[in-house]
Amino acid sequence: ELKHLINLCLGWNNFIGHLPNQFGDFKHLEALSLESNLISGPIPATVGQLSSLRYLILYGNNLSGNIPESIGQLSNLTDLDFRNNRLDGVVRELHLANLTNLTFFALSLNKLVINVSASWVPPFQLEYIYLSNCKVGPEFPNWLRTQRNIVSLHMSNGGIAGEIPHWLLDVLNNTGELDLSSNMLRGNIFQIVGKKTPRLLQLSLSRNNLSGDISNFTCMLDRLDYLELSKNQLSGRLSPCWGLQSPLHWISLGDNKLNGPFPVYLCELKKLRVLGLHKNGLNGVVPYCLTGQYFLEILDLSDNLFTGRIPPFIKDFKVLNLERNYFTGDILLQLCYNSNLQYLSLAHNNLSGGIPPCFSEFSQMWANSSFGLYPMDDWRRLFFAMVVNIKGISLEFTTSLQYLFSIDLSSNVLEGQIPEGLTRLVQLQNLNLSRNKLIGKIPLDIGNLRYLESLDLSNNKLLGEIPRSISNLYFLSRLDLSFNNLSGPIPSGNQLSTLDDQSIYRGNHALCGAPLLKVCSRDEHNEGDSEGDSVVNWFYSGLGSGFAVALMGFCGILHVNRSWRIYYFWMVDRTIEKLSIGRMIAML
C-alpha cells in the first residue's frame, strides 16, 4: 500500500499542480524528492507529520507562501532543500526547533528572512548551509559560531553589514566552499581566510569592502580552484605561489587596488579558463606566454596601465576585453583565429593600422552559428561580471554576458576602410568603430546585421551616402554617424523613423532630409534615389536615348530618300485633313 511507501523520488519531470494535504498518512516515508518540477502553491503543514522523513527535497519549483512551522517537528530530517522557489515570509526559531539531525540546510534563491535571536543555540551541527539571497543580516549571524563541521557556507546577498566577527575563522577549519559575496562586510580579508582555512577550494568574497595586502595571500591557499575577490579594496601584488599543479580555473580580482607588472607566473596555470584583472593599477607589457593558455576563454585586462603590443592570441576566446589601456601597434591577424569570439573590446588604446578584413572569420557571430551557451558543467562562468559600454551607457552584464555579441574598437587611431566582411557577422548586437580615422564608405550591406541594437561610426572620415539598407536594422535603438563627411539624403522608413534625434547626423554638412532641417534639392533626391532605383532609372534612360536614336535615323532616311519624304508628308496632310472634317461635323 502507498501508506507503507518509504521513498518517493519524482524529480526532474514536468509535474504541475499543488502539493496534496494528505502527507500525514505516509508515516513510513523517509525521502520525499520532487525537485525540478513545476509544482506551485504552498507547502502544506501536514508535511510536518512525516515523522520518519529524512530527506525533504523540493528545490527548483514554483512553491510560494510561508514555510510551515510544523517543519520544525521533523526530528529525523537530515536534508532540507527548498532552494530556487518563490517562498517568502520569516523563518524563526520554531521552524528549526527539533531538527536535531539536520546537516544540509538550503533556502537560497527565495525571499525569506531568517530572524532568530543573537543568543539562540541551534539544535544541529550543519555541514552544508545555502542561504544566498535570503536576508540573514544586518548583523553577521551569531548562531554560526556554534557550528564546527561547516563544509560549504553560501550567504551571498544576505544584507550582512559591518565588521567581520572575530570568531569566523574558527568555524571555517573544515570549509571547502565559502561564498559571502554581495554583502557590505568591512575588515581585513585575513579575518576570513588564511592559515586556518587550508581546505578551501572555492572562495567568493566579491562586492564587499574588504581590504588588505594580498601579496602572500596565494601562498596560504594552494588548493583553490575558484577565486572571486572582485570589487573590494585589496592591494599589493600577487606572489608566485601557484604553479603547474594548481587546479585554479577561475581568477577574478578586478576592481581592486592591485599594482605592479602582470604576474608572469599566471602563465603556468594550465587549467585557467577565466582571468579577470580589470580596473586595477597593473602596468608593463602583457607577456607573450599568456598565449599558451590553451583553455582560457574569458580574459579581461581592461582599465589598467598596460603598454606595448597586444600578444598574438590565437586561442578560442569567447570574451576578450583589453580596453582602456595604452596598447600600441597594429591589430595582429592572429586574433582572427579566435573563431569562438563573441565579445571583443580594444577600445580606448593607441592602436593603429587598419581593421583586419579577416575579422569576418569570427564564425561564432555568423548567422548559422550555435548560440553562445556555456557547457552545463561550467555554470560558474555564467556569473562573470563585466561592464560593457553599449548604447551610449555603461551596463554590467553577468548571466546575460553569454548572449552578448559585440565588437568595440573605438577611440584608437585606426585607418583605412571598414571591411565589407564585417557585414557577415550577423549576430552582432553592438558595433562601435567611433573616434578613429576610418575613410571610405559605409558598407552597402550594413543592413545584413539584422540583430544590431547599437551602431556608432561617429568621429571618423567616412564619406558618401548612407546606405539605404541601414533602414533594415529593425532592432536598432542607438545610431551615431556624427562628424563624418557623409552626403546626400538620409534614408527613412522602418526603424529609422524612431531615431529622430538630429545629433545622430550632426557634423555632416552635406547630409539633408529628416530629421535635419536642411531640405534636399531635386538633384540630391535624384542622387539618393539612384541607389535603390538604379534598374528603373537605367530602363527609362535607355528608353529615352533609344527613342532619340530612332528619331534621328527616321529623319535621316526622309532626308536621303525623296520618294519616302513626299509620301510621309502626304500622309501627314491627309491625317490632319480627316481630323479637321471630323471636328466640323461634331460641331454641327
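A contact here means heavy atoms within 4.5 Å. With that in hand, take the contacts between residues at least 6 apart in sequence: 50% of them join residues at least 24 apart.

Quick ground rules. This is a predicted model, where local features need pLDDT of at least 70, side-chain atom pairs count only at pLDDT 80 or more, and totals for chains, interfaces and linings use all residues. Residues are numbered from 1 along each chain as its sequence is written, and side-chain values use heavy atoms, with hydrogens and water left out.

Now the overall picture. The protein has four helices and 39 strands; these are DSSP runs, helices being H or I of at least four residues and strands E of at least two, numbered from the N terminus. Of the 588 residues, 49% are buried, meaning under 20% relative accessible area with a 1.4 Å probe, protein chains only.

On to the rings. There are 14 aromatic pairs. Rings of Phe, Tyr and Trp (its six-membered ring) pair if their centres lie within 6.5 Å; planes under 30 degrees apart are stacked, over 60 edge-to-face, the rest tilted.

Why is the pair Tyr-226 and Trp-250 tilted? Because the planes are at 35°, with the centres 4.9 Å apart. Tyr-226 sits in strand S17, Trp-250 in strand S19, 24 residues apart. Tyr-226 is buried at 10% relative accessible area, and Trp-250 is buried at 0%.

Next, Phe-359 and Phe-362. This pair is tilted too, at 4.9 Å and 40°. Phe-359 is buried at 0%. Phe-362 is buried, also at 0%.

Last, Phe-104, Tyr-128 and Tyr-130 form one aromatic cluster.

Terms used. Buried means under 20% relative accessible area, exposed over 50%, partly exposed in between (1.4 Å probe, protein chains only).
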